[in-house]
Amino acid sequence: MSPDVEIVKAVIAGLATVIVAVVGVIGVIVQARKPSKDKPPVGDTGKALDEFNGTQNEFMSLVIADNSTLRSQMKDTNDKLEKMGTQLSTFQRELLDVKQRSENFLGAVRRYLMKLATAWTGTEPMPWPDEEDFHILEDTLPHKRSGTITRREPR
Amino acid sequence: MRTMKTNLRGLFQKTVWSHYNTAQIPARYHLLYTVILPLKYLLIGAYGLFSINVTISSIDRVFGPIYGDMWSVTLMVSGWTAMVGIMFYKRLIWLEVLSVVLLVTLMTLYTGCIFFAAILHVETFRYLSLLLVLVFLPMPCWRVLDMIRELRPVRNVS
């Protein structure tokens, strides 16, 4: 085979290789322009940003990637908090209900005891003091007035 | 001296081995990007350099010795360019795309040449050459798909 034929063969083969490679690169470009179906990367770049030494655009792309991840995490946390808030308000309502029922029960006990006392002594006893009356009584006690605890004198 | 040290440190921070870049790579790919791929590209480039001196008979028989030498030089250049591309991860990604696509083309052509040489010259298959192709070809192919995935724009989460 003459050297000219060798050269022509090599040039044709080389051109064919270059064309195939260019077609491959164009294929990569076309595929790369399609939007990704993946989820955004997990935002673990906070530490990396401290040592960042790149261009402003690279910095912004990092920040945007982190921001979108943080926003999705915040949304999740917010949903959880709302659920917990609903559970808490339900619990609070149940607690108030229990308090109301216990007060009703204590009132019924008080009324029963007064009726019992009336039947036993034959006279109407003094009305049962309310909670406010107790506070007033406590304020009039000597140790409350003086600020020091003293023993009460027997009446 | 100090400026040179600072420059070298700045250059190192831009490579795949600095903390900034490794933080961007998923943990399961750390070894692949920092060790395996650069080493593989280095070896492919070294194979290109080796094949300049030692003629590859399958390519020579199909396309002639001139193209054989061109193939070797192109393989060496594209292998080492791809290594530089992966070293500066995501900064020189288009350089890596170009060189890896060229690399895949050359290796595929080499595979074809092995088969053609075997058919034309009625030889037994060159198992060693095929083994070499099996070692070198799949990872650049995967890397092309991986780079496409990396280059695609990421959707915003609303």
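I began at B:L120, which I found in helix α6 of chain B; helices here are DSSP runs of H or I with at least four residues, strands are E runs of at least two, and both are numbered from the N terminus. I noted that B:L120 counts as exposed because 11 other C-beta atoms lie within 10 Å, where 12 or fewer make a residue exposed, 20 or more make it buried, anything in between is partly exposed, and the C-beta atoms are placed from the backbone. From B:L120 I looked across to B:R61, 59 residues away in sequence, and the C-alpha to C-alpha distance came out at 9.1 Å.

For the record, this is a predicted model, in which local features need pLDDT of at least 70, side-chain atom pairs count only at pLDDT 80 or more, and totals for chains, interfaces and linings use all residues. Residues are numbered from 1 along each chain as its sequence is written, while chains are lettered from A and ligands numbered from 1 in the order in which they are written.

Confidence came next, with pLDDT being the predictor's confidence in each residue on a scale from 0 to 100. Chain B averages 84, with 91% of its residues scoring at least 70, and chain A averages 76, with 67% at that level. Within chain B the lowest element mean, 77, belongs to helix α2 (residues 19-24), and the highest, 92, to α5(B). Where pLDDT is low, the predicted coordinates should not be read in detail. For the model as a whole I wrote down ipTM 0.79 and pTM 0.59.

I then compared the make-up of the chains. Chain B has 8 helices and 0 strands, and chain A has 5 helices and 0 strands. Of the 158 residues in chain B, 34% are buried, whereas for the 155 residues of chain A the buried share is 3%. Among chain B contacts between residues at least 6 apart in sequence, 64% join residues at least 24 apart, a contact being a pair whose C-beta atoms, placed from the backbone, lie within 7 Å.

Where do the axes of α1(A) and α5(B) come within 8 Å, and at what angle do they cross? Helix α1 (residues 3-32) of chain A and helix α5 (residues 65-87) of chain B cross at roughly 35 degrees, with axes fitted to C-alpha atoms over the stretch in contact and angles running from 0 to 180 degrees between N-to-C directions. On the α1(A) side I listed A:E6, A:I7, A:K9, A:A10, A:A13 and A:G14, which meet B:I66, B:Y67 and B:M70 of α5(B).

Helix α3 (residues 30-53) of chain B has 24 residues and spans 35 Å from first to last C-alpha, close to the expected 34 Å, which is 1.5 Å times one less than the number of residues. I located a kink of about 35 degrees at B:I36, shortly before the proline B:P38; the bend is the angle between axes fitted to the seven residues ending at a position and the seven starting there. Buried residues of α3(B) include B:Y33, B:L37, B:P38 and B:Y41.

Last, I checked B:K90, in the loop between α5 and α6 (93-120) of chain B. Its phi is near 70 degrees, a positive value in a residue other than glycine, and B:K90 is partly exposed, with 19 other C-beta atoms within 10 Å.

Definitions and conventions
Two residues are in contact if their C-beta atoms, placed from the backbone, lie within 7 Å.
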